[in-house]
Amino acid sequence: MSAGSRSGFLGSVDPWAVMTAPQGSHRAASILPQGKRVFDGCPVSKAHYRETNMTPRKRTPAVARLSVWSAIILGVLLTGGMTAQTTPPSAVGGLQELSFEELAGITVTTVSKREERYFNAAAAVHVITGEDIRRSGALMLPDALRLAPGVEVGAINSRSYAVAMRGFNGTASNKLLPLIDGRSLYSQRFASTIWDIRDLPLEEVEQIEVIGGPGGTAWGANAVNGVINIITKSARDTQGDRLAAVAGTFESGQVYARRGFSVGSDAWARVYVKAFSRDDSEPLNIADNNDAWSQVRAGFRYDRGEGGQAVTMMTGDVFYSAADQLVAGLADQAHSSGGHFLARRRQQIGELNLQLQGYVDVIRRDSGGNLSEADVLELESLVSGSFGPGYEWSAGLNYRRSRLTDSVNPTTGVVSQFTPEKRWFTQGGLFFEAARRPPAGKFDFSVGTKAEYNEFTQWEFLPSVRATWKPRSDITFWSAWSRAARIPSRFENDQVLVVSVPGFQSRTLPSPALEAEVLSAMELGWRWQAQRGFYLDATVFHHRYSRLVTTRSTAVGPTSIEQDLENGGFGTSRGAEIQAVWRIFPWWQWQAAYTYLDLDLEVSATSSDSSLGDIANLSPRQQFSVRSSWNLDASWEIDAWFRAVGKLNQTGRVIPAYETLDLRIGRQFGRGWEVSVVGQNLLEPSHPEFRFFTVRAAVARGFYLRVERRR
């Protein structure tokens, strides 16, 4: 195996697939670095498909049962009696809830862990509201993230997505930190997010705060190119029942049921269950991708207010997932399960605001003979106050303890082994920020840092300086400088990976000497809230990366090499993210977004790595989208969403540029009924968005019907 970039290596493979691919398989061959992909780019023929004795995929019993239940529930909903009315129910938001005008008044908490107006925030913040999601027609979380400028989302197959911001995209996008209510979704095993086990009902989402650029000062290591914080709705705001069912050509069945109720005079709770099944993705080079997927998830949220002086919140969920997959061309099924419990308390003590939060997160995954377990406990405290009028401060401590276990069935001939089999991992640090925010002041300023400890690279320091200037009430200029770090993963520290193809073998060895990858970022932004319903938000940035992970190879024979990892890469990225909203009439609104990214990566003179530069081609240079939201009258809604995404020009892995159009027609009825019909990817029969080993999948044109009732 020739030298190759570890960053590129991680960015082009399914982490669990690497661990489960048997020796000599096409899957193993496909993960060879650039220049040695013996099988990469060679389609798997139908003849080979038959030779591997792969049996035709059969719908799993769980999927079949779910489809039946979807039909039953949908039938119950439809036979409940719909009486058309011209006045929509109050629970359904109007067009004004989509407006940027409302958005400017929204408060965000992800930038500095303090509540601040979105319009005043000194960061590239984009807020996706729950109403945005409803009218977009998105059914899964990664699809909803396409609503924010700067977010790169590529569907790989039925259940896998590549999601990143400002470059370094892949199934293992290691420079993006996603959160749900402040709970990290980032996997310390793979330095990435496994999206198919991080689903949640989109009906539960209050808003998604998308922060472009570093967020290490507030959120610690791995918040390098962006932070996505998904904030769920308060139980107080979700009282009553809500039932929804989806049936379609790709999303074959989805059901969601929620009940919200009060618990005494000042406490509320809700419980929910969501289940869905998806069909196979569209195959491009084999007969059947065998990647159908089904999942069941149930959860709750509890909120209690105590006279405004204290607030308690608890959330929890459990889930089970079954996903068809191919392992060495043979049909297999991966099973995942787990859950979480989170508790948070906010209390005002004198002039101080105190927040305590803790959660446990448990994941189990049995895939291709490998059982992976992850148990995480995190505790966090945050206190804030003021030095005097116009001067604020906040400080916090966090501690995380993780247990990561990877056991392998030796009879499967796996190519990946973790040593030790079980690893305890500790991470924690101290956060402090001081800010000058005078009331009605034109100039605000904040400076802060986080010092965080981890067992792989010891201490990392993550400072930032942010400032805003508001020459007029309708204009905000902001700037920021930040330092962020991506710490190595267990995958890079503990793994031995053997890749064998006929006549060649490579061994990738553990690399405990790796240092953290570092980013120094400069950002400038401008927000303009104009008259007559026109709003603009623009950001330009310059990122400088150092100590990027690369591969160091040593030939041990004519047909075999060994390699480990080093910090031999560096580079820069430049770009712009622009969002504009124009409310032409009170009943018609347009939203447009444009993203430009220029990523340039190099290796040091002593490095033998040859593929780091190709990482830049995992992200589209340009993305554009425009949405139209039109209320025909008080009950009819028509939404259209056009997106254009540039090509991914990786050597031997070109994904052509594509354009898509989604249409949604919704109708509000009496008694809380809503019916919508959605068509997705209407401009062509199918298109690929990202590549997955030698199996190439496409996103097909699809339609679905959604029926909902609230009461």
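Modeller: Of the 711 residues in the protein, 62% are buried (under 20% relative accessible area; exposed is over 50%, and partly exposed lies in between, with a 1.4 Å probe and protein chains only). Keep in mind that this is a predicted model, where local features need pLDDT of at least 70, side-chain atom pairs count only at pLDDT 80 or more, and totals for chains, interfaces and linings use all residues. Residues are numbered from 1 along each chain as its sequence is written, and side-chain values use heavy atoms, without hydrogens or water.

The protein has 10 helices and 38 strands (DSSP runs numbered from the N terminus: H or I of at least four residues for helices, E of at least two for strands).

Now to your pocket. A pocket here is an open set of points on a 1 Å grid over the protein atoms alone, where a 1.4 Å probe fits, with protein on both sides within 12 Å along at least five of seven lines; lining residues have an atom within 4 Å of a point.

The lining of the largest pocket has 44 residues, and Thr-109, Glu-115, Arg-344, Arg-346 and Gln-355 are the ones nearest its centre. Among the elements giving two or more residues to this lining are E1, E14 and strand E15 (310-327). Strand E16 (330-349) is also one of them, and E16 supplies the largest share, five residues.

Lys-113 sits in the loop between strand E1 (107-108) and strand E2 (116-117), and its phi is positive, near 65°. Lys-113 is buried because its relative accessible area is 18%. Likewise, Asn-290 is in the loop between strand E13 (282-283) and E14, with a positive phi of about 50°. Asn-290 counts as buried, because its relative accessibility is 2%. These stand out because most residues other than glycine have a negative phi.

Strand E14 (residues 293-305) also holds Phe-300. Phe-300 has a relative accessible area of 31%, so it is partly exposed. It belongs to a nonpolar surface patch that includes Phe-261, Phe-341 and Tyr-399, with about 700 Å² of accessible area for the whole patch (Shrake-Rupley method with a 1.4 Å probe; for residues, only the protein chains shown count as cover). Patch residues have over 30% relative accessible area and no salt bridge, and nonpolar side chains are joined within 5 Å; a salt bridge is a side-chain nitrogen of Lys or Arg within 4 Å of a carboxyl oxygen of Asp or Glu.

Key:
Patches are made of residues with over 30% relative accessible area and no salt bridge: like charges are joined within 9 Å, nonpolar side chains (Val, Leu, Ile, Met, Phe, Trp, Tyr) within 5 Å.
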